[in-house]
Amino acid sequence: MHRWLLLSYPRAYRRERGAEILETLQDIAPQHRGLRVGANLVRHGLRARLGRPASRSVVAWAAVFAVACGLFAASFGIWVAWLGSRPLDHHELAATVDQLYPGEPVRDIDRQDPPAVFIVYGSPLSWQSVPSLLFGDGGEYEFAGIGASFTRLPAVTRQKTLAQLQERLRAAGWDFGEPIYSNSYDCIPNDPRCDPTSIPSDITVYAQRGDNILEVHINSDSTTPLMSLGMSRATPWAAYPAGVLAFLLGTLGGWVLFGWASRRAERSHAVAQALAKFMFGFAVVLWWVSILLSVPHMLTHHLQEAHYRWHPLWEWIGQPVLSLPFLFAWVVLILAGGLIQLPRHRPVDRKVISP
Amino acid sequence: MREATFLILTALADEARHGYGIIQEVAQMSGGRVKLLPGTLYSALDRLTAQGLVEFDREEVVDGRLRRYYRLCADGRTELASQTARLRELASAAESRLRNLRPNLA
């Protein structure tokens, strides 16, 4: 088994020290438990992958890089799992509207299924949408949904409409949260004309049944339509194991990749090494700035209102809103990787020519 | 300096030793309290070699088994001496305070 665990060490290290370590493992075998020895071997093998045995900062940098890689990989894993989710069905929406409000005249209802799981400005992701995603409109990449709206409130007042909605949702087997009240519009604080108490409020109710999520808006009189329903898909169960697995693989891959670059950088020219280190640091900072800017914002948003479906992980780490710095960091990392691959200048051996 | 590192340097102070020899010596010196595992040992040897405190001595094959010996460098001896002096000072300070607290303490 220990021979397999030695795979955690880099290949060159295994060739040089593998036999020696295995001999020592054989010597201590009667006195130690295999599991502890194995875990210790893997831990130090992964450390050996980073090279620079006397450095402590290299471990910190590797960890920061690997965790970022893990988060990006987990986002990708979750995204892939989402692609396998059950497609939205406009017949299901029609049935839901009919069940909740039978006979109520609808102003508008989607009669087609969405073109994809995720859309940008109503269309599936395509090369044409890449400029929008990169240059500021990354937030437009969102879950597809289908919806319906009513010309009038089904009950006389908004409060009665809300009570009626809650009653019917309950009867139809929907699980729903507390209504969320929000201002219909904002005004400039401290402006004499701004009186927040006079701003009408909109009411939003989120509900879930099976893998369907319903978002009902009961709007103020000044908003058209007065009431609308949106249906979208709940997070598929496969997204959770896919995210965890992709995180683990991504973190391990990031660690191995960092180790490969770190060991090569050790052997590269001092100037190339210094420049590569700076570029690496810059790229990693760029990644983490995106992550650290987005996480508090998303956390605040989630704490403020109940969510039947959490925002996907990529939004938590600032993607694709900040996809331009993310990709730019990758380019910088690739350039840094190329830099450490440059051959180190060695003085040419001078042959002594005897007279 | 961590205790395990100090003990590895001490184990190599009098003679060159191979990996298992260092593990045995460290266990004996610490009264069985510090049990080095191979991963920790070779990681420490790599670090001490990179710091110029320990170096490769020789390689032997005994009964078909590979033995690679390590020895202390001059810088390693200096570092060990300085760490020993530091620990002695700390131990003396602790002893003197304990003696003041309890005059009967030897």
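Predicted model: local features only at pLDDT ≥ 70, side-chain atom pairs only at ≥ 80, totals over all residues.
Residues are numbered from 1 along each chain as its sequence is written, and chains are lettered from A and ligands numbered from 1 in the order in which they are written.

Chain B contains four helices and three strands. Both are DSSP runs, numbered from the N terminus: helices are H or I of at least four residues, strands are E of at least two. The order from the N terminus is α-β-α-α-β-β-α. The radius of gyration of chain B, 17 Å, is well over the 13 Å given by the globule rule for 106 residues, so the chain is more spread out than a compact globule. This radius is taken over C-alpha atoms, and the rule is 2.2 Å times the number of residues to the power 0.38. The C-alpha trace of chain B spans about 60 × 25 × 20 Å along its principal axes.

The three strands of chain B form an open sheet in the order β1-β3-β2, with antiparallel pairing. Strands pair if DSSP finds at least two bridges between them. In chain B, β1 (17-18) and β2 (54-62) stand at the edges with a single partner strand each, so one side of each lacks a neighbour in the sheet. β2(B) pairs with β3 (residues 65-72) of chain B over eight bridges, in the antiparallel sense. Val61(B) lies opposite Leu66(B) in β3(B).
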